[in-house]
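Hello,

Here is the structure we talked about. Please open it alongside this email, and my notes follow below.

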Amino acid sequence: MVTGIDIGVYLDDVDYSAAEALCFSLELPVRLVYLTFALTAAAEPQQRRTVASVYCFIFHFKENISTAAGAASSMGNCCSDTGGGMAAVGGTAGLSYNAAASSNDAVDWFLKSRGYLGLFSQIELSFSAADLRDRDVLSKSDPMLVVYMKARDGALVEVGRTEVVLNSLNPTWITKHIITYQFEVVQTLVFRIYDVDTPFHNVDVKMLKLDEQQFLGEATCTLSQIVTRKNRSLTLDLVRREETITSITEESNPSNRPKHCGKLTVHAEECINSKTTTELILRCSDLDCKDLFSRNDPFLVISKIVESGTHIPVCKTEVLKNETKPTWKSVFLNIQQVGSKDSPLIIECFNFNSNGKHDLIGKVQKSLADLEKLHSSGQGQNLFLPTAAGNNNHKILNSQLFVDKFSESVQYTFLDYLAGGFELNFMVAVDFTASNGNPRLPDSLHYLDPSGRPNAYQRAILEVGEVLQVYDSDKRFPAWGFGARPIDGPVSHCFNLNGSNSYCEVEGIPGIMMAYTSALHNVNLAGPTLFGPVISNAALIAGQSLANHGQKYFVLLIITDGVVTDLQETKDALVKASDLPLSILIIGVGGADFKEMEILDADKGERLESSTGRVASRDIVQFVPLKDVQNGEISVVQALLAELPSQFLTYMRTRDIQPST
């Protein structure tokens, strides 16, 4: 019986083919295989251990599969479960089109246990510096860069070190470092440059004691600041360590400004081999019958051939019952999966048997380039069967494989759109209904603590705003309140938080906080809780931007303490907004029962329907009750923002919107 430890050994021995085949045999999505193999590209031991952990975790999660032993070498075991075995595995539209749409419990559990909730992408960072301080007397400095990431508790965790560049004040380091980008987390990076003295030049950089080297300067930024730049390059001023954080007062006083220590340029590249996806529709004719009393139940398995000659399955089509001239559903193959367009592929046609011992009907060996030529010519390729005489002797069959469709498309990533100039525009709406309690009393959800401790509303604004503000260039945020009665006025279900009658925007997150505090002193809490008006206002802004061809995607944060009263009106507004570049995040604060609110979040697959019977074109809502996550390791921000990148991509891809290059 294969164990989790065995799988770990496979990875430590860098026997990736065995691990990949095992992963396929357990019918795990292909996206996992290539996610983890992207991690192993740098072949760093720590990264390999991470990958091993992934496989170990998945194995234990699926340890009830009776065919795990020997599955890596037996095609029959891929389909030991009749229902599951007859379904397509890998290469399906869901996996190719949007990996996030095809969930896998084992993968999700593992990634969530490691803090990865939503979008995660491997980012390779490269570094260069200019005008460094010269700390050597008879020669120039010998700089080395150390990269740190700030942990949750504020402690710095070393990510890695570059090589030492000799005698250079303008070094370009060769060593790259890979960091996992998480959209829903603010990832603060700190870069420190040291001049490594001559006696240490023959010492491995990992063994160097930094307190024995001369400090040249440091810089700090967030990873999101780098990846949102149009060219994904960010130039930072290097300062001395004690001068990294400078107050406004110090900046106004020239004598207190940091002394010039040079500049550091950080460049980011997403670790993706290819974004080209090929769609194939395959058909066979005149298949030899393998069953005595019925027709074949054929399916295809597409495998790549690695250097050792081993066949690694990439995908399997669905099983078609009682067919001798089958045409299967579209298969999607990424160049990253198959190696290159000219890499040889084995396409095998099997007759399905519920006992797992499938009959090989025939096979062909073709590259994607060959399949493209077949499609262009309209001709078929004869299948063959190996003979007992050896691999070079084949029996050519009358059965043929046809390529009815061959099309290539580029699947752009979330980061491609950001680098192409797209922005996320933040909007916020705050619940001022009376159920929040009297703001002057400590038990109110709107209570302003004299100590400065933020209440639930302030905390939500700060934490979500901290993540999203980086993706908004002008940082002018529409902010509304609802469910309150302005002084000497009727109850309003959408009023400008800044008190203006003409404009709703405020300056930055501090502007939202100031407007919120001011509103608490200038309105009377009332009710009921209506979402429709604020959603309609947000949709109006998103619609205007779309009409003006703006490269903007809007994110509305609604913070509420109670269940929505206008449920059907809210559904109508959401269905209408689903066609717009808009996502809606809802945080439930307080102890109310928010079960009815989950209807608005279509995570379980049931899309919203309007009162006229129209169905939402996509899911645009993510709802999180604060009480469900505030005591766990996952922050409310991570839980809330996890789906946002996939909602963004769904909108862009279904409308064939491409990022500018």
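Start at helix α11, residues 368-377. Leu368, Ala369, Leu371 and Leu374 are buried there. Glycine 378 follows α11. The phi of glycine 378 is positive, near 75 degrees.

Keep in mind that this is a predicted model.

Now the overall picture. The protein has 661 residues, and 51% of them are buried. Its secondary structure comes to 19 helices and 25 strands. Take the contacts between residues at least 6 apart in sequence: 73% of these join residues at least 24 apart.

Next, a sheet. An open sheet of 4 strands runs in the order β3-β2-β5-β6. The pairing is antiparallel. Which strands stand at the edges? They are β3 (156-161) and β6 (214-222). Each has a single partner strand, so one side of each is left without a neighbour in the sheet. From one strand to the next, the twist averages 25 degrees. As background, strands of a sheet pair through backbone hydrogen bonds, either parallel or antiparallel.

Two of the pairings are worth a look:

- β2 (residues 143-150) pairs with β5 (residues 188-195) over 7 bridges, in the antiparallel sense. Leucine 145 stands opposite isoleucine 193 in β5.
- β5 pairs with β6 over 8 bridges, again antiparallel. Here isoleucine 193 stands opposite glycine 217 in β6.

Of its 9 residues, 7 are buried.

Last, a helix pair. How do α13 and α14 cross? The axes of α13 (residues 456-468) and α14 (residues 508-522) come within 10 Å and cross at roughly 165 degrees. Angles over 145 degrees count as roughly antiparallel, so α13 is roughly antiparallel to α14. The crossing is right-handed.

Which residues meet there? From α13 come Tyr457, Gln458, Ile461, Leu462 and Gly465. From α14 come Ile509, Ile512, Met513, Tyr516 and Thr517. By type, the residues of this contact divide into 7 nonpolar, 3 polar and no charged.

Best wishes

Notes. Residues numbered from 1 in each chain as written. Predicted model: local features only at pLDDT ≥ 70, side-chain atom pairs only at ≥ 80, totals over all residues. Heavy atoms only, no water. Axes fitted to C-alpha atoms, helices over the stretch in contact; angles between N-to-C directions. Helix = DSSP H or I, 4+ residues; strand = E, 2+ residues; numbered from the N terminus. Parallel < 35°, antiparallel > 145°, perpendicular 65-115°, else oblique. Left-handed = near helix turned anticlockwise from the far one by under 90°. Contact = heavy atoms within 4.5 Å. Nonpolar A, V, L, I, M, F, W, Y, C, P; charged D, E, K, R; others polar. Pairing = 2+ DSSP bridges. Buried < 20%, exposed > 50% of the residue type's maximum accessible area, 1.4 Å probe, protein only.
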